[in-house]
Amino acid sequence: MSADAGAVSAAFSHLGDYLGWHVLLSLSAMLIGVTVSLPLAVICTGSRLLRGAALGFAGIIQTIPSLALLALFYPLLLGLSAFTRATFGIGFRALGFLPALAALALYSMLPVLRNTIAGLEGVDPAAKRAAQGVGMTRRQMLLLVELPLAAPVILAGIRIAAVWVIGTATLSTPVGQTSLGNYIFAGLQTENWVFVLFGCVAAAILALVVDRFLALAEAGLVRRSRPRIAVAALGLAVVFAAGLLPLAAGVERRPVVIGTKNFEEQYILGALIEDRLRAAGYSAVRRDGLGSTVIFDALAAGEIDVYVDYSGTVWADDMKRRDRPGRETVLAQMTEWLRRTHGIRCIGPLGFENAYAFAMRSDRAAALHIHSLADLAAQAPRLRIGGDYEIFTRPEWRAVERAYGVRFETERQYQSNFLYRAVASGDVDVISAYSSDGRIAQYGLKVLADPRGALPPYDAVLLVSPARARDANFIAALKPLVRAIDLARMQRANLMADRETSKRSPEEIAAGLDAYIAGRGLQPEQK
Amino acid sequence: MIELCDLAKTYGPVAAVDGINLQIGTGEFLVLAGQSGSGKTTTLSLINRLVEPSRGAVLIDGVDTRETDAVVLRRQIGFVFQDIGLFPHMTVAENVGITLKLAGRTRAGIAVRVEEMLTLVRLAPERYRDVFPAALSGGQRQRVGVARALAASPRVMLMDEPFGALDPPTRDELAADYRRIHERLGLTTVLVTHDMTEAMLLGDRIALMREGRLVQVGSPRELITSPADDFVRAMMESPKRRARALAELQAGPA
């Protein structure tokens with residue numbers, strides 16, 4: 001229970017930042033959504049064709065899974081930013097606030113459009129005839145009679161949209177926008193259920209409070225009660241102000257932005273980098289859980305300042321290289337390529353590899369006489385393989401397929417936490433694993449050899465954005481991390497986050513690693 | 001003076017109004033009577049261009065109404081609706097003052113005029129000014145409707161079955177009140193009704209319509225004493241029968 005209490009207080013320490021961004025994002029998206037939807041609905045009212053087109057479009061947007069909609073805006077905005085930079089010399093950030101804002105604003109449109117059209121079409125014909133009869137112009141009729149009479153219905157639509165947007169805004173975390181979703185995504189990765197629950201409850205409370213105040217405003221409009229409307233407006237203003245206040249307090253200077261991909265090792269290393277930068281006097285924030293291509297583009301664009309990547313990922317994904325010249329050559333060529341093509345500074349390797357590997361339960365491997373990928377290929381048609389969401393679409397997997405001609409009976413995808421349980425329980429025979437994962441030893445797995453060298457090396461490397469590359473203090477603060485963490489130490493650190501019992505938070509583990517690196521001799525597991 | 005010259009309105013193949021010629025004198029109280037669907041409401045709506053004619057023209061004081069912008073025209077003519085048509089989201093004062101607001105009058109000027117109008121229709125301003133229409137009785141609402149129509153000082157009032165939805169005592173009281181206002185302000189009023197008794201008691205003249213055409217135009221007395229055809233005679237039967245029955249009740253043994 002004391003561990004849970006610790007997790008709750010850790011969760012509270014992020015609340016100002018996460019809630020502030022969540023409120024700012026939701027509020028901005030709603031303002032844009034309503035500003036666009038209201039006039040659109042007015043134009044569409046009375047025209048069957050336009051109404052069908054607008055509602056159809058908004059309806060299609062609604063059917064796109066919200067996470068996909070958010071994700072789609074990143075490449076879209078990236079392309080747009082490249083275009084404006086080329087044409088007008090002005091680019092903008094394609095990661096974070098903008099894609100989340102655009103997707104959520106689109107998402108808010110359907111209920112507002114639908115209710116505004118329904119509200120306007122539901123206005124009593126007698127009132128419209130009277131408006132005409134007393135000599136109102138079309139515009140006066142709309143502003144003085146139709147919109148005021150439709151207002152309760154329109155507000156009901158805004159209410160629905162607000163609840164949707166506040167809920168969906170939690171999904172903006174993977175596109176790099178801080179929100180209450182940070183609790184949920186970080187918690188899901190590290191199996192910190194207190195965090196997941198905290199994020200859900202916080203988002204739900206925010207949605208409920210906003211919903212209740214909007215309901216009060218709606219009742220006020222229906223009953224033409226000015227006090228109700230005033231209380232509702234005041235309540236909403238207080239909620240927004242309270243949400244945005246900590247944000248306003250924290251924006252006086254741009255902090256360092258540390259990016260992390262979406263697994264435990266990255267969270268630990270992100271926390272470690274944060275510790276070292278704070279110790280050097282920088283204020284730092286983290287953008288956690290970014291996708292692996294998103295994070296590289298974000299670094300090149302200066303949207304994040306530093307993150308840990310793996311040499312083989314850059315080698316295959318960004319350099320499009322298929323040759324395998326060896327670990328140190330890959331490092332050297334990658335460092336030179338990053339500097340030349342993107343101005344990115346590679347400070348150096350951390351000292352361990354997190355390579356793609358294929359692992360089986362030792363007893364099963366022994367029974368089937370499988371020691372290498374070549375042995376595996378011979379029996380693969382009768383075997384099942386489990387992978388994470390990326391592996392089967394990655395060039396490394398194609399390289400393995402090419403080199404060994406493997407073809408499995410079935411391929412399944414799991415969230416990485418569940419991969420190990422799947423192989424341990426026999427749901428799958430072999431899994432794609434990561435060599436630095438502590439669970440390989442914990443579950444007694446055998447990593448299969450790669451005699452044909454199909455898989456590239458994956459040295460963890462510290463990459464710094466072009467802008468920060470010139471900051472000597474910044475580089476100096478991170479330099480001690482180079483070649484400081486060996487594979488066994490990283491595996492143990494990862495296991496502390498991954499194991500079923502007495503889990504540690506990434507921050508706690510990072511503090512242990514930092515202490516070790518600082519030469520105080522404290523072992524991470526004694527922390 | 002209002003002149004309807006060969007006025008017609010067709011909806012597809014159906015002629016709602018089918019070639020009407022009629023002169024309404026300044027200060028006259030003309031009742032357009034007829035059964036449901038006879039075209040009397042359409043005729044009324046053609047006068048202030050709520051409906052545009054398919055043929056013919058409406059002249060007010062010799063000027064074709066189409067020479068005036070429809071919105072401007074409607075602001076010069078008072079209109080009282082059958083379903084009252086008060087704006088439910090506005091107070092009584094806001095409803096009565098709406099035409100003045102549209103005309104851009106000052107807030108203070110509007111307030112003074114609203115007081116006058118409410119007093120004219122016999123609603124105590126201090127009591128009713130700030131209530132919403134939903135809190136009023138049917139008769140009170142229609143008084144507000146009349147006040148609203150009169151606020152911009154129109155010379156012409158168009159009334160579409162204004163008392164139709166009210167209970168009989170309220171209807172009679174309101175009709176009598178309006179007739180007095182008509183006299184006092186020297187209005188020209190065109191009132192539509194399907195109630196022949198009401199038509200007889202209110203109108204200086206009655207224009208009786210059937211299937212989009214005028215059947216007979218004359219004073220109530222002329223319509224009773226010399227009906228143009230069997231239809232007019234039949235229409236006059238109902239009020240006469242009721243009057244006789246009432247007279248017998250009064251005269252006969254208890």
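Visitor: How many bridges join strand β9 of chain B to β10(B)?
Guide: This is a predicted model. In it, five bridges join β9(B), residues 205-210, to β10(B), and the two strands run antiparallel. Within that pairing, Met209(B) has Leu214(B) of β10(B) as its bridge partner.

Visitor: What is the strand order of the sheet with six strands?
Guide: The order is β6-β7-β8-β3-β9-β10 in chain B; the sheet is open and its pairing is mixed. Its edge strands are β6(B), residues 77-80, and β10(B), residues 213-218, each of which pairs on one side only. On average, neighbouring strands in this sheet are turned by 15° against each other, if direction is ignored.

Visitor: Which strands does helix α6 of chain B lie across?
Guide: Helix α6(B), residues 138-150, lies across β6(B) and β7(B), the latter being residues 156-160. The helix runs at about 165° to β6(B).

Visitor: And the sheet of four strands, what order does that one have?
Guide: That open sheet, also in chain B, has the order β2-β1-β4-β5 with antiparallel pairing. The strands at its edges are β2(B), residues 14-24, and β5(B), residues 63-64.

Visitor: How many bridges are there between β1 and β2 of chain B?
Guide: Eight bridges join β1(B), residues 2-11, to β2(B), and the pair is antiparallel. Lys9(B) stands opposite Val17(B), which is in β2(B).

Visitor: Changing topic to chain A: at what angle do α7 and α8 pack?
Guide: Helix α7(A), residues 181-190, and helix α8(A), residues 193-222, pack at about 155°, and their axes are 7 Å apart. Because angles over 145 degrees count as roughly antiparallel, α7(A) is roughly antiparallel to α8(A). Their crossing is left-handed.

Visitor: Which residues make that contact?
Guide: From α7(A) come Gly181(A), Tyr183(A), Ile184(A), Ala186(A), Gly187(A) and Leu188(A). From α8(A) come Trp193(A), Phe195(A), Val196(A), Phe198(A), Gly199(A) and Cys200(A). The residues of this contact divide into nine nonpolar, three polar and no charged.

Visitor: Is α7(A) mostly covered or mostly exposed?
Guide: Helix α7(A) is mostly covered, with nine of its ten residues buried. Among the buried residues are Asn182(A), Phe185(A), Gln189(A) and Thr190(A).

Visitor: What follows α7(A)?
Guide: Glu191(A) follows the helix, and its phi is positive, near 55°.

Visitor: Now the strands of chain A. In which sense do β1 and β2 pair, parallel or antiparallel?
Guide: Strand β1(A), residues 256-261, pairs with β2(A) in the parallel sense over five bridges. Gly259(A) stands opposite Arg287(A) in β2(A). Strand β2(A), residues 284-290, is mostly covered, as five of its seven residues are buried.

Visitor: Last topic: how many residues does each chain give to the contact between chains A and B?
Guide: Chain A gives 15 residues and chain B gives 16 residues. On the side of chain A, the elements that give two or more residues are α5(A), residues 125-133, and α6(A), residues 138-168. The largest share of that side, six residues, comes from α5(A).

Visitor: And how do the residues on the side of chain A divide by type?
Guide: They divide into eight nonpolar, five polar and two charged residues.

Definitions and conventions: Residues numbered from 1 in each chain as written. Chains lettered and ligands numbered in written order. Predicted model: local features only at pLDDT ≥ 70, side-chain atom pairs only at ≥ 80, totals over all residues. Contact = placed C-beta atoms within 7 Å. Nonpolar A, V, L, I, M, F, W, Y, C, P; charged D, E, K, R; others polar. Pairing = 2+ DSSP bridges. Axes fitted to C-alpha atoms, helices over the stretch in contact; angles between N-to-C directions. Parallel < 35°, antiparallel > 145°, perpendicular 65-115°, else oblique. Left-handed = near helix turned anticlockwise from the far one by under 90°. Buried ≥ 20, exposed ≤ 12 C-beta atoms within 10 Å, placed from the backbone.
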